[in-house]
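Please keep the model in view while reading.

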There are 2 protein chains.
Amino acid sequence: MTRQPSASLLDALGNLLGPKGFSVDADAMAPWLTDWRGKYHGRAAAMLSPATTDEVAAIVRLCAEAQVALVPQGGNSGMVGGATPDTSGDQLLLSLRRMNRVRQIDEAGQLAVAEAGVILENFHNAVLAHGLRFPLTLGGKGSATIGGLVSTNAGGTQVLRHGSMRALTLGIEAVLPDGSIFDGLAPLKKDNRGYDLRHLFCGAEGTLGVVTAASLHLVPVAAARRTAWIGIDSPEDALLLLRRVDAAIGRELEGFELIPHNCLDAVLRHIPQTRAPLSVAQPWYVLLELAGESDPTLGEALEQQLATALDAGLIRDVVIAKSDSESEGFWRLRDSISEAERAEGPALQHDVSVPVDLMPAFIADNPRRLDIAFPGARALSFGHLGDGNVHHHVQPPIGVDGAGWIAEHGASVSRLVYSHVLELGGSISAEHGIGQMKRDIMAEIDSPARLTALRGVKAGLDPKGIFNPGKLIA
Amino acid sequence: MTRQPSASLLDALGNLLGPKGFSVDADAMAPWLTDWRGKYHGRAAAMLSPATTDEVAAIVRLCAEAQVALVPQGGNSGMVGGATPDTSGDQLLLSLRRMNRVRQIDEAGQLAVAEAGVILENFHNAVLAHGLRFPLTLGGKGSATIGGLVSTNAGGTQVLRHGSMRALTLGIEAVLPDGSIFDGLAPLKKDNRGYDLRHLFCGAEGTLGVVTAASLHLVPVAAARRTAWIGIDSPEDALLLLRRVDAAIGRELEGFELIPHNCLDAVLRHIPQTRAPLSVAQPWYVLLELAGESDPTLGEALEQQLATALDAGLIRDVVIAKSDSESEGFWRLRDSISEAERAEGPALQHDVSVPVDLMPAFIADNPRRLDIAFPGARALSFGHLGDGNVHHHVQPPIGVDGAGWIAEHGASVSRLVYSHVLELGGSISAEHGIGQMKRDIMAEIDSPARLTALRGVKAGLDPKGIFNPGKLIA
């Protein structure tokens with residue numbers, strides 16, 4: 001068990017970090033004590049904002065000695081409350097946001113070293129200035145930080161081609177729970193010196209120590225991209241389309257997002273300056289993007305694929321973006337779904353994966369199961385069909401008090417969704433992680449062998465339990 | 001500390017496994033108690049050969065209760081003594097070789113589930129019958145098993161394009177140190193439920209439990225391949241060639257092996273039915289392979305690249321294999337280097353990696369450092385230049401008693417090599433692992449933070465220390 005920080009510990013931390021790095025001011029801390037979705041509200045004895053890895057290490061040594069809990073936080077845009085302290089007021093918020101240097105950009109080696117607090121969008125811009133691209137993006141790119149992205153093994157919309165954060169992270173620097181600094185930034189292509197700590201810290205949600213920097217893989221700026229907005233009958237047809245496109249031009253296929261008509265409707269209703277790409281509404285949409293070197297080749301390939309699909313009746317309608325800004329507009333529709341859904345009112349969000357083949361069946365069957373158990377409940381599935389990963393939102397029946405319905409039925413609804421996912425061999429968290437939100441349900445329904453192994457890793461690496469206690473695994 | 005197995009434990013294991021699965025016969029055990037290179041000789045109280053995952057789990061439960069050590073073993077062709085028991089006679093050899101079923105081959109999904117004891121070459125053939133290919137191979141393919149390959153995160157000659165075993169392993173089944181079965185075979189593209197156990201078991205060398213099966217990624221059989229044997233002046237030139245070829249036709253580049261003339265000489269001397277591909281000897285050779293879909297395209301691309309390189313004076317001579325059997329012949333030369341080197345007499349072998357850019361400097365500088373400290377010592381570097389990974393062998397001076405020289409200077413020579421590697425930010429084990437051979441040197445010279453973390457993982461997952469004690473981390 002961790003302890004309440006003593007006055008002398010807080011003094012020592014204040015002296016170490018100075019006024020820029022140490023705060024107990026309630027107003028200054030407030031924005032960082034509630035998670036992005038407004039679901040979790042915590043308290044903290046202080047907010048620590050170190051500027052260097054050495055300061056992080058000094059903080060951890062002090063807290064390890066005093067057995068005081070640290071809650072690492074990046075952009076505070078996580079989806080599962082993983083960066084929100086508990087309500088005791090005894091935990092210390094460890095903000096990495098001041099560690100925002102891009103330490104190195106190696107053009108020839110196509111890699112960069114970025115500190116944990118670098119905001120994703122800033123990182124995109126920094127490497128773009130060197131003619132390079134970091135091929136991971138997501139709706140929260142204006143706030144999400146490199147450290148948070150590594151620690152949650154973030155996905156996003158380009159996983160199909162480039163993989164998730166794990167695949168793009170070539171090395172990490174981290175401060176371990178005893179305060180020692182692990183320097184694993186060297187981007188070695190092969191290294192078989194035992195358990196892979198890089199992979200262990202990817203997705204560990206700050207429970208094993210804190211990532212302070214990462215070496216990241218870059219790719220050349222795609223000289224050309226082509227984005228299409230496609231109207232389609234069903235997820236089955238979308239999967240058939242995906243397989244066709246993948247077989248023919250899979251190397252260029254960078255995005256394949258599935259969007260139901262009601263998600264688009266919500267975006268058009270709530271997000272200013274958005275418009276529907278197609279004049280006639282369709283039951284489902286696919287946002288498809290190709291990226292490659294040659295513009296004409298790419299355009300021809302895409303047009304040919306889509307013409308064939310239209311002729312075959314596999315798709316109903318399509319528009320190809322004629323400019324970068326039109327392409328951005330399509331992506332803005334996709335990236336605004338979460339915000340629009342929040343504006344619609346409370347909903348239960350499930351970020352789940354199943355084997356790709358089984359995704360259409362899940363999307364079709366789950367609403368039926370829900371409707372039997374919870375009449376009127378409305379399910380929406382959107383997202384990364386090619387990764388076998390959808391965001392599956394369940395909205396309360398129309399006309400009921402949403403918050404009340406969720407309070408009454410939320411846990412049972414989620415249990416129904418997750419049980420269905422497990423039946424199909426899937427995961428109850430495809431990309432958002434476990435955090436606070438799914439900790440108990442995972443402990444309840446996941447495999448005992450897996451849970452035992454997770455607990456063993458946690459106990460072995462953080463024996464005092466000072467890193468992000470209460471998250472991920474209890 | 002683990003204990004000596006009692007007579008009643010041995011009885012229980014014998015009853016569990018029957019005569020096919022349990023042996024205390026010295027002759028039957030003998031071949032499995034010495035490692036492939038003949039460097040480590042162990043003893044075992046019994047050899048256990050379970051046929052199913054349930055039998056493995058039952059063995060582990062019995063041994064966990066009795067606190068008796070288990071040493072998992074696949075094909076016994078590892079390079080670091082990782083599968084050889086200690087000399088106490090108290091450990092139990094856990095052979096996975098009877099678990100040799102390919103459980104499933106999914107043509108549409110391009111994946112297969114293979115048990116730990118499936119021999120790599122048999123697995124190649126099994127999937128080939130379905131028109132698919134498992135794109136990892138190495139010299140020991142006739143003995144190496146899937147479980148051993150996963151547990152050592154094996155590399156081989158196609159890592160450049162397809163990655164090492166880690167990249168090809170989509171899921172694992174393992175028995176944990178408490179005897180529970182972790183079923184992580186489902187090939188989910190995204191799964192963020194905490195610490196990644198699949199990556200943790202890849203390269204864990206049987207110290208955290210035992211891998212009993214794996215889901216493996218397959219690729220279509222390459223319709224075409226083109227193999228070239230190239231004479232070249234230096235590793236610097238080889239790196240320039242690699243960069244050119246990679247930029248132009250990197251997607252098809254599957255192999256790029258660097259071979260010094262004296263390695264080829266040794267192969268020609270010791271391995272029957274081998275011949276030099278080029279009529280005039282060259283200082284260095286590159287074995288280059290492209291694989292792709294269209295034969296003519298591939299051939300043209302390769303010829304064009306090599307013609308340009310010849311014109312530019314970047315390469316000295318080249319022959320392109322005109323048939324599959326000629327291509328196999330080139331690979332046989334490469335794959336026979338280890339065997340030929342063994343026939344040459346004792347040598348110190350170092351499997352090291354450095355950042356790719358620094359590899360030519362390492363290959364040039366290390367022999368000079370060695371010659372100053374150990375006059376007459378001869379260094380040979382060969383292997384996977386594109387991965388920043390060479391096998392760096394040091395032979396005793398000509399005319400001295402090799403075994404005696406190694407006994408006297410071996411540890412110091414290796415320390416010089418490894419220190420040089422660490423200076424360059426490299427790894428003292430690129431692909432072979434740590435096992436017994438590098439355990440002490442790693443503990444001596446590697447980063448304390450990394451060692452602490454490895455010890456934490458081991459203690460957390462195998463608190464009784466029954467899995468492969470004495471290997472990897474002490």
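## A helix pair in chain B

In this predicted model, helices α14(B) and α15(B) cross in a right-handed manner. Helix α14 of chain B comprises residues 359-373, and its axis lies 11 Å from that of α15(B), at an angle of about 145 degrees.

Which residues of α14(B) and α15(B) make the contact? From α14(B) come B:F362, B:D365, B:N366, B:R369, B:L370 and B:A373. From α15(B) come B:V413, B:L416, B:V417, B:H420, B:V421 and B:E423. Sorted by class, the contact of α14(B) with α15(B) consists of seven nonpolar, two polar and three charged residues.

## The seven-stranded sheet of chain B

Chain B contains an open sheet of seven strands, and their order is β15-β12-β14-β13-β17-β18-β16. The pairing in this sheet is antiparallel. In general, strands of a sheet pair through backbone hydrogen bonds, and the pairing is either parallel or antiparallel. At the edges of the seven-stranded sheet are β15 (317-320) and β16 (348-353) of chain B, each of which pairs on one side only. On average, neighbouring strands of this sheet are turned by 15 degrees against each other, direction ignored.

One pairing within chain B joins strand β13 (residues 253-260) to strand β17 (residues 378-384). These two strands are antiparallel and are linked over two bridges. Here B:L258 of chain B is found opposite B:G383 in β17(B).

Two helices of chain B may be described together with this sheet. Helix α15, which spans residues 402-423 of chain B, packs on the sheet and touches β16 and β18 (389-395). The direction of α15 makes about 10 degrees with that of β16(B). Helix α9 of chain B (residues 235-249) lies across β12 (224-232), β13 and β14 (284-292), and runs at about 175 degrees to β13(B).

## The five-stranded sheet of chain B

Another open sheet of chain B has five strands in the order β5-β6-β10-β8-β9, with antiparallel pairing. Its edge strands are β5 (102-106) and β9 (181-184) of chain B, and each pairs on one side only.

Over how many bridges do strands β6 and β10 of chain B pair? Strand β6 (residues 111-115) and strand β10 (residues 210-217) of chain B pair over five bridges, in the antiparallel sense. Within chain B, B:A114 stands opposite B:A214 in β10(B). Helix α4 (residues 120-128) of chain B packs on this sheet, where it touches β5, β6 and β10. The direction of α4 makes about 40 degrees with that of β5(B).

## A helix pair in chain A

In chain A, the axes of helix α9 (residues 235-249) and helix α11 (residues 295-311) come within 11 Å and cross at roughly 145 degrees. The crossing of α9(A) and α11(A) is right-handed.

Helix α9(A) contributes A:L241, A:R244, A:V245, A:A248 and A:I249 to the contact, while α11(A) contributes A:A301, A:Q305, A:T308 and A:A309. The classes represented in the contact of α9(A) with α11(A) are six nonpolar, two polar and one charged residues.

## Domains of chain A

The domain assignment divides chain A into domain 1 (7-97), domain 2 (102-220), domain 3 (224-337) and domain 4 (345-433). The centres of domain 2 and domain 4 of chain A, taken over C-alpha atoms, are separated by 30 Å. Eight residues from domain 2 and five residues from domain 4 of chain A take part in the contact.

## Relation between the two chains

How are chains A and B related to each other? Chain A is superposed on chain B by a rotation of 180 degrees with 0.0 Å of shift along its axis, and the RMSD is 0.0 Å. The two copies are therefore related as by a two-fold rotation axis. In chain A, the C-alpha of A:G460 is the nearest to the axis, 2.0 Å from it.

Of the interface residues of chain A, 100% are also interface residues in chain B, so the copies meet through the same surface.

Note on methods:
Residues are numbered from 1 along each chain as its sequence is written. Chains are lettered from A and ligands numbered from 1 in the order in which they are written. This is a predicted model: local features need pLDDT of at least 70, side-chain atom pairs count only at pLDDT 80 or more; totals for chains, interfaces and linings use all residues. Side-chain values use heavy atoms; hydrogens and water are left out. Axes are lines fitted to C-alpha atoms, for helices over the stretch in contact, and angles run from 0 to 180 degrees between N-to-C directions. Helices (H or I, at least four residues) and strands (E, at least two) are DSSP runs, numbered from the N terminus. A crossing is left-handed if the near helix is turned anticlockwise from the far one by less than a right angle, and right-handed if clockwise. Contact means heavy atoms within 4.5 Å. Ala, Val, Leu, Ile, Met, Phe, Trp, Tyr, Cys and Pro count as nonpolar, Asp, Glu, Lys and Arg as charged, and the others, Gly among them, as polar. Two strands pair if DSSP finds at least two bridges between them. Copies are superposed by least squares on the C-alpha atoms of residues with pLDDT of at least 70 in both. Domain bounds come from an automatic or database domain assignment.
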